[in-house]
Amino acid sequence: TISLEFRNLAKVYQDVIADICYKMGLGMAEFLEKKVNSNKEWDKYCHYVAGLVGIGLSRLFSASELEDPVVGHDVELANSMGLFLQKTNIIRDYLEDQLEGREFWPKEVWSKYVKKLSDLTKPENIDKAVQCMNELITNALHHVPDVLTYLSRLKNQSVFNFCAIPQVMAIATLAACYNNQQIFKGVVKIRKGQAVTLMMDATNIQAVKTIMYQYMEEIYQKVPSTDPSSAKTQQIVNTVQSMSLPSGTLVSRTHYSPFYFSCVMILAALSWQYLNTVSKAAEEYVHTGEN
């Protein structure tokens, strides 16, 4: 049972788990009786249900000596790890939560666009709904710098994988959600193949930074000039991307069509075949000359 397993743990681990569970219980009880109104309350709710998990895990990583003490001591970064994941889930699950009678989007944001949160599903409000969602996504993206700083401190490979994979899944999910009307009509998920690729690639900090850069770029390319949050979105994208590149690296935002890339791939394949043919011919010529 859970109780038995808990009693078998060393006291240092028991203390962390008991403390975090106690705080989570108090926090969840608080929000049983009130809704999420302000952005500060959104942060507070996400802290109770996810930020405390990040803090507790970080303390366990340090207590086990798998990671340095600073990982467990830096509560702000650990909290951001949880908030980024929780906000992503809340944004993505808007329609499901509405159908189940749950509301987690902060009123401070959605009230700027509609009178009731449920009004975002109405066809006549779809443009406002997307703008509202884009504002919340922009809010969530502000946790990414903390996420990158946190991950850069991790030394144990298993701990790194455990922490990094959910974060890259989250940024991929937000990129899929950004400016996407489907959030208010159905389900938006990343593809299974995409998820597997992320799991295989997110094994070191530079790989994670590259993934973050790519999905931030995807968001940047979809930012509508008429979106009320466009300036803030572009600003946080630029901030994250500046953290994700080695110093002195310049990246062009020139994008090419799929047809262009197809031509490049075909040209590369033909060039490779040509080089192989020439190489074999040269080898045969040399071999004939030697004989």
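How accessible is Asp43: buried, partly exposed or exposed? At 30% relative accessibility, Asp43 counts as partly exposed, where buried means under 20% relative accessible area, exposed over 50% and partly exposed in between (1.4 Å probe, protein chains only).

These close-ups show a predicted model, in which local features need pLDDT of at least 70, side-chain atom pairs count only at pLDDT 80 or more, and totals for chains, interfaces and linings use all residues. Residues are numbered from 1 along each chain as its sequence is written, and side-chain values use heavy atoms, with hydrogens and water left out.

**View 1. Asp43 and Lys87 meet in a salt bridge.** Here the N to O distance is 2.6 Å; a salt bridge is a side-chain nitrogen of Lys or Arg within 4 Å of a carboxyl oxygen of Asp or Glu. This pair links distant parts of the chain, with Asp43 in helix H3 (residues 39-63) and Lys87 in helix H5 (residues 75-92), 44 residues apart. Helices are DSSP runs (H or I, at least four residues), numbered from the N terminus. Lys87 is buried, at 1% relative accessibility. A search of the whole structure turns up 16 salt bridges.

**View 2. Asp19 and Lys23 form a salt bridge within helix H2.** Their N and O atoms are 3.3 Å apart. Asp19 is partly exposed at 24% relative accessible area, and Lys23 is partly exposed at 37%.

**View 3. Arg92 and Asp93 are joined by a salt bridge.** The closest N and O atoms of this pair are 2.9 Å apart. Arg92 is partly exposed, with 28% relative accessibility.

**View 4. The rings of Tyr45 and Phe104 are stacked.** Seven aromatic pairs are found in the whole structure; rings of Phe, Tyr and Trp (its six-membered ring) pair if their centres lie within 6.5 Å, and planes under 30 degrees apart count as stacked, over 60 as edge-to-face and the rest as tilted. In this pair the centres are 5.1 Å apart and the planes lie at 20 degrees, so the pair is stacked. Tyr45 lies in helix H3 and Phe104 in the loop between helix H6 (94-99) and helix H7 (107-110), so the pair ties together parts that are 59 residues apart in sequence. Tyr45 is buried, at 13% relative accessible area. Ring pairs link Phe31, Tyr45, Tyr48 and Phe104 into a cluster.

**View 5. The charged end of Lys34 sits over the ring of Phe31.** It is 4.9 Å from the ring centre; a charge sits over a ring if NZ of Lys or CZ of Arg is within 6 Å of the ring centre and within 35 degrees of the ring normal.

**View 6. Thr233 is buried in helix H13.** This helix spans residues 230-244, and the relative accessible area of Thr233 is 0%. A polar atom of the Thr233 side chain lies 2.8 Å from the backbone oxygen of Ser229. Leaving aside residues up to four places away in sequence, Thr233 touches Thr138, Tyr178, Ile219 and Val223, a contact being heavy atoms within 4.5 Å.

Technical notes: Helix = DSSP H or I, 4+ residues; strand = E, 2+ residues; numbered from the N terminus. Polar contact = N/O pair within 3.5 Å; in protein donor to acceptor, adjacent residues only side chain to side chain.
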